[in-house]
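Reader: Hi! I'm new to this one, could you walk me through it?
Author: Happy to, let's have a look together.

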Amino acid sequence: MDQIRTGALIRLLRQHVSSPHEMRRGHFLSFLAFHTGDTLAVKKLCPESDAEARLPFFAHGTLLWFCSRDGLFGRKI
């Protein structure tokens, strides 16, 4: 887990996750995911759509997102 970078701007409001990340072909967020214990919830995102998703609410865990150009990022919640 130490190799996952942080730094991209992601907003988490209970179950709603969003980002101002650009979403054009060639540079977009491919997925948003939330991992806690034995559960992994994943939402696939498409280029040229909004960078937002609704994920199940968990009190703690790790929020992950993958940029098609820059790779995997994560943040502990």
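Reader: Let's start with C46. Is C46 buried, partly exposed or exposed?
Author: C46 is partly exposed, because its relative accessible area is 45%; buried means under 20%, exposed over 50% and partly exposed in between, with a 1.4 Å probe and protein chains only.

Reader: Before we go on, what kind of model is this?
Author: This is a predicted model, where local features need pLDDT of at least 70, side-chain atom pairs count only at pLDDT 80 or more, and totals for chains, interfaces and linings use all residues. Residues are numbered from 1 along each chain as its sequence is written, and side-chain values use heavy atoms, with hydrogens and water left out.

Reader: Thanks! And where does C46 lie?
Author: C46 is in the loop between β4 and β5 (52-54). Strands (E, at least two residues) and helices (H or I, at least four) are DSSP runs numbered from the N terminus.

Reader: What about C67, buried or exposed?
Author: C67 counts as buried, because its relative accessibility is 1%.

Reader: How many disulfides are there?
Author: The count is zero disulfides, taking a disulfide as a pair of cysteine sulfur atoms within 2.5 Å.

Reader: Ok, new topic: how many aromatic pairs does the structure hold?
Author: There are three aromatic pairs. Rings of Phe, Tyr and Trp (its six-membered ring) pair if their centres lie within 6.5 Å; planes under 30 degrees apart are stacked, over 60 edge-to-face, and the rest tilted.

Reader: Why is the pair of F31 and F66 stacked?
Author: Their planes are at 5 degrees, so the pair is stacked, and the ring centres are 6.0 Å apart. This pair links distant parts of the chain, since F31 sits in strand β3 (residues 29-36) and F66 in strand β6 (residues 62-67), 35 residues apart. F31 is partly exposed at 24% relative accessible area, and F66 is partly exposed at 29%.

Reader: And how is the pair of W65 and F73 arranged?
Author: W65 and F73 are stacked too, 6.1 Å centre to centre with 5 degrees between the planes. Both W65 and F73 are buried.

Reader: Which way do β3 and β4 run?
Author: β3 and strand β4 (residues 39-44) run antiparallel, joined by six bridges; strands pair if DSSP finds at least two bridges between them. They form a hairpin with two residues between them, and G37 in the turn has a positive phi of about 55 degrees.
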